[in-house]
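Please read each point alongside the coordinates.

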Amino acid sequence: MIALHGLGFALALMTVVWLGSLLIRDASIIDIFWGLGFVALAWLYFWLTPGAATRAYLVLALVTLWGLRLALYILWRNWGQGEDYRYREMRERDPKNFPWKSLFTVFWLQAGLLWIIAMPLLQVEKSALPAELTWLDGLGVALFLIGVIWWSFFCFAAATPGSLWTLFSPVLMTLLLMKVSGVALLEKRLEEVKPGYREYVARTNAFFPWFPKRAVE
């Protein structure tokens, strides 16, 4: 039941953001509210599950820090740049139907994704056991500090009983970052506008530092 409240809340939040995007004719604001959506869900789950363990407070603080930092960074990066080219191209292809299409394919889609990916947060907030912090919580803090964010939150969830089902969350987030909305889109755009970037991508690992790959003859 709490999870369903979370889904309804995520859809309602993104509907409000969609209405704002119609007023300013800029669907890019969804990017700012992606991180804030996780913050809002974390606080909702915390409020709906009183008596949570210490890790619930810790995770709530870390999610809030991560979400606010991400939102402020994207706001700063996009300020004065106009609508992101992805949404601009969608708008130009079908200007008449873009408002409704954007609701379903951008705003509600991201609402559903953030609700699914936030399941470790729900697991942490609703679980009162174990009451004390464990080595998995320590690992979660360490991963958070080095920037492996969603695997960090899975570690906190994994410290609670019956939580391994939430493994899909960091896996999905990693796939999205690597193959769909993160690295893949950024690299595609940079290859178009920066000479030599394709060769740089071919010899450099996307996430994990390592020796450059040999150029293919």
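At what angle do α2 and helix α5 (residues 98-117) pack, and how far apart are their axes? The points below begin with that pair; the model under discussion is predicted.

1. **Packing of α2 with α5.** The axes of these two helices lie 10 Å apart, and the packing angle is about 40°. Angles under 35 degrees count as roughly parallel, and α2 and α5 are therefore classed as oblique to each other. The crossing of α2 with α5 is right-handed.

2. **Residues between α2 and α5.** From α2, the contact draws on Ile30, Trp34, Gly37, Phe38, Leu41 and Tyr45; their counterparts in α5 are Val106, Phe107, Gln110, Leu113, Leu114, Trp115 and Ile117. By class, this contact of α2 with α5 comprises 11 nonpolar and 2 polar residues, with no charged residue.

3. **Packing of α2 with α6.** Helix α2 also packs against α6, here at an angle of about 25° and with the axes 9 Å apart. The two helices are therefore roughly parallel to each other, and α2 passes α6 in a right-handed crossing. On the α2 side the contact involves Phe38, Ala42, Tyr45 and Phe46, and on the α6 side Leu121, Leu122 and Glu125. The contact of α2 with α6 has 6 nonpolar residues, 1 charged residue and no polar ones.

4. **Packing of α6 with α8.** Helix α6 (residues 119-126) and helix α8 (residues 149-158) have axes that come within 8 Å and cross at roughly 30°. This pair is therefore roughly parallel, and the crossing of α6 and α8 is left-handed. Pro120, Leu121, Gln123 and Val124 of α6 face Trp150, Phe153, Phe154, Phe156 and Ala157 of α8 in the contact. Its residues divide into 8 nonpolar and 1 polar, with no charged residue.

5. By class, the lining of the second largest pocket comprises 4 nonpolar, 5 polar and 1 charged residues.

Note on methods: Residues are numbered from 1 along each chain as its sequence is written. This is a predicted model: local features need pLDDT of at least 70, side-chain atom pairs count only at pLDDT 80 or more; totals for chains, interfaces and linings use all residues. Side-chain values use heavy atoms; hydrogens and water are left out. Axes are lines fitted to C-alpha atoms, for helices over the stretch in contact, and angles run from 0 to 180 degrees between N-to-C directions. Helices (H or I, at least four residues) and strands (E, at least two) are DSSP runs, numbered from the N terminus. Angles under 35 degrees count as roughly parallel, over 145 as roughly antiparallel, 65 to 115 as roughly perpendicular and the rest as oblique. A crossing is left-handed if the near helix is turned anticlockwise from the far one by less than a right angle, and right-handed if clockwise. Contact means heavy atoms within 4.5 Å. Ala, Val, Leu, Ile, Met, Phe, Trp, Tyr, Cys and Pro count as nonpolar, Asp, Glu, Lys and Arg as charged, and the others, Gly among them, as polar.
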